Amino acid sequence: MLAHIRSPERGILGQGIRFALAGGTVAGVYLVTTLLLATVIGLPFQSALAIGFILALATHFTLQRFFVWVHDEEFALPLRTQVGRYLAVALAQYGITVVATSALPAAVGLPTEVVYVAVTLLITLANFVLFRTRVFHAEAEP
């Protein structure tokens, strides 16, 4: 089953399914790591959160590169460039989320949580497009 999902012939639908599976896996890694470190190991929550975030980010990049964006051709960008672009997208995502959840609730009269969910959904769609076309894309055929 996994080999069938990873097949490049699955196209954009397969990429979308793999993107969703990777996202769910990463959310689990982030939550479980953070909660285990904070509640079982006894680390201060902010330390556990930072470790959970770093582990989730590394897991996410790895799944994006080796599971979500599989194709028959080589990647157009070397690993170093992919990492740089990926981190730029992640930093932008964080910044946009902070600004949106700080400014928009009062401006549009919605609870912060509603704005957060809406922004997260929009960023997820933007990430799919950016990762597909600017970070993990195949080399253009001559």
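The following legends describe close-up views of a predicted model.

**View A. The loop between helices H4 and H5 at Pro-111.** Pro-111 occupies the loop that joins helix H4 (79-108) to helix H5 (112-135). Its relative accessible area is 44%, so Pro-111 is partly exposed. The C-alpha atoms of Pro-111 and Thr-101 lie 9.1 Å apart, with a separation of 10 residues in sequence.

**View B. The buried residues of helix H5.** Val-115, Val-119, Ile-123, Asn-127, Phe-128, Phe-131 and Val-135 are the buried residues of H5. Their cover includes helix H2 (11-41), helix H3 (45-68) and H4. In an α-helix, residues three or four places apart point the same way, because there are 3.6 residues a turn.

View C. Gln-64 counts as buried because its relative accessibility is 0%. A polar contact of 2.8 Å connects the side chain of Gln-64 with that of Trp-69. Leaving aside residues up to four places away in sequence, Gln-64 touches Phe-19, Ala-22, Trp-69, Phe-131 and Phe-136.

**View D. Aromatic pairs of Phe-131.** The structure contains 11 aromatic pairs. In one of them, the ring centres of Tyr-86 and Phe-131 are 5.6 Å apart and the planes meet at 25°, so this pair is stacked. The pair links distant parts of the chain, since Tyr-86 belongs to helix H4 and Phe-131 to helix H5, 45 residues apart. Phe-131 also forms an edge-to-face pair with Phe-136, at 5.7 Å centre to centre and 75° between the planes. Tyr-86 is buried at 4% relative accessibility, Phe-131 at 2% and Phe-136 at 1%.

**View E. A cluster of aromatic rings.** Ring pairs join Phe-19, Phe-61, Trp-69, Phe-75, Tyr-86, Phe-128, Phe-131 and Phe-136 into a cluster.

Note on methods. Residues numbered from 1 in each chain as written. Predicted model: local features only at pLDDT ≥ 70, side-chain atom pairs only at ≥ 80, totals over all residues. Heavy atoms only, no water. Helix = DSSP H or I, 4+ residues; strand = E, 2+ residues; numbered from the N terminus. Buried < 20%, exposed > 50% of the residue type's maximum accessible area, 1.4 Å probe, protein only. Contact = heavy atoms within 4.5 Å. Polar contact = N/O pair within 3.5 Å; in protein donor to acceptor, adjacent residues only side chain to side chain. Phe/Tyr/Trp six-rings, centres within 6.5 Å; stacked < 30°, edge-to-face > 60°.
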